[in-house]
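Work through the exercises below with the sequence and the three-dimensional view side by side. Each task is followed by a solution that goes step by step.

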Amino acid sequence: MDPATILALVTLGINAAKAAIDVGVDAAPFITALYDHITSKTTVTQADLTALEARIQALSDEFDVPLPDA
Amino acid sequence: MRTKFLLMLPLALALSGCGTTSILKGGSSLTATIANPVGINQLYDIENAYGVVLAVAVNYKRLCVAKTIASSCRGVVVRMQGYKKTADAALVALRGFVNKNDQISAVSALEAAKQAVLAFQNSPDFAAITYATGSK
């Protein structure tokens, strides 16, 4: 992952965490997102990729669920 | 005739690709491998970036469902689901090309996936997550 991408993502995560703290909710999930996905791996195995794609699929499935009625 | 053939052989090998380093580009060996421009490392990077964006979006949606944040979040989530569809399609295409080792298509698919993830990450609605979550 190149430095510019890391910087952009860290900024994103930190801003989201700050916004969460501002409204008094737990900021940890936003930081965990960074911890889970920003990597210094230089050699990726097929198993790494498969595990990552499984995590993304789980997130994707959750995000796709329509919002319940207000 | 034999001399001509021997002179042509390195050129033919260099042009044939086959994962060898071209001697025309100063490769040290005819059999040395070159790294593919798009492989699982590049795919992993873009998927990781997408993972961060998606995780932030999911956490925002959870706050929205729990009614912890302003109700305007509902519109934000719906619009972001649209951006996500584009990013999903681009990533699926990229995965397919990388799996098939279709380098010509993978290069353009990688760029398309990067743009789609960036569009998701840089959308005005995403800014709403990071800057305007407040004031219920």
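A residue is called buried when its relative accessible area is under 20%, exposed when that area is over 50%, and partly exposed in between. The structure to which this is applied here is a predicted model.

**Exercise 1. Find how far apart the C-alpha atoms are in the pairs B:Leu91 with B:Lys114, B:Lys100 with B:Ser123, and A:Val10 with A:Ile31.**

Step 1. B:Leu91 and B:Lys114 stand 23 residues apart along the chain, and a distance of 8.8 Å separates their C-alpha atoms.

Step 2. B:Lys100 and B:Ser123 are likewise 23 residues apart in sequence, but between their C-alpha atoms there are 32 Å.

Step 3. In chain A, the residues A:Val10 and A:Ile31 are 21 residues apart along the chain, and their C-alpha atoms are separated by 8.7 Å.

**Exercise 2. Describe the secondary structure of chain A, and decide whether the chain is spread out or compact against the globule rule.**

Step 1. Counting the elements of chain A gives 3 helices and 0 strands, which follow one another along the sequence as α-α-α.

Step 2. For the 70 residues of chain A the globule rule gives 11 Å, whereas the radius of gyration is 15 Å, well over that value, so the chain is more spread out than a compact globule.

Step 3. Taken along the principal axes, the box filled by the C-alpha atoms of chain A is roughly 45 × 25 × 15 Å.

Step 4. For the surface, note that chain A exposes about 3,900 Å², of which carbon and sulfur atoms supply 62%, and that 37% of its 70 residues are buried.

**Exercise 3. Describe chain B in terms of its elements, its buried share and its disulfide.**

Step 1. Chain B has 5 helices and 0 strands, and from the N terminus on its elements run α-α-α-α-α.

Step 2. Of the 136 residues in chain B, 40% are buried.

Step 3. The count of disulfides over all chains comes to 1. It is formed by B:Cys64 and B:Cys73, whose sulfur atoms lie 2.0 Å apart.

Step 4. The link of B:Cys64 and B:Cys73 is right-handed, with 80 degrees about the S-S bond, and both of these cysteines are buried.

**Exercise 4. Where in chain B do B:Lys67 and B:Asn101 lie, and what is the phi of each?**

Step 1. As background, most residues other than glycine have a negative phi.

Step 2. B:Lys67, which is not a glycine, has a positive phi of about 55 degrees, and its place is in the loop between H2 and helix H3 (73-100) of chain B.

Step 3. B:Asn101 has a phi near 55 degrees, again a positive value in a residue other than glycine, and it belongs to the loop between H3 and H4 of chain B.

Step 4. The relative accessibility of B:Asn101 is 44%, so this residue counts as partly exposed.

**Exercise 5. Work out what lines the largest pocket, and which element gives the most to that lining.**

Step 1. The space in the largest pocket is about 340 Å³. Its lining has 15 residues, and those closest to the centre are A:Asp2, A:Thr5, B:Ile46, B:Ala49 and B:Lys114.

Step 2. The elements that give two or more residues to this lining are helix H1 (3-22) of chain A, together with helix H2 (40-65) and helix H4 (103-121) of chain B.

Step 3. H4(B) gives the most, with 5 residues.

Step 4. Sorted by class, the lining of the largest pocket has 9 nonpolar, 3 polar and 3 charged residues.

Note on methods:
Residues numbered from 1 in each chain as written. Chains lettered and ligands numbered in written order. Predicted model: local features only at pLDDT ≥ 70, side-chain atom pairs only at ≥ 80, totals over all residues. Heavy atoms only, no water. 1 Å grid on protein atoms, 1.4 Å probe; cavity = no way out; pocket = protein on both sides within 12 Å on 5 of 7 lines; lining within 4 Å. Points joined across faces, edges and corners; volume = space filled by probe spheres on them. Helix = DSSP H or I, 4+ residues; strand = E, 2+ residues; numbered from the N terminus. Nonpolar A, V, L, I, M, F, W, Y, C, P; charged D, E, K, R; others polar. Rg over C-alpha atoms; globule rule 2.2 N^0.38 Å. Buried < 20%, exposed > 50% of the residue type's maximum accessible area, 1.4 Å probe, protein only. Areas by Shrake-Rupley, 256 points an atom, 1.4 Å probe, with all protein chains shown as cover. Disulfide = S-S within 2.5 Å.
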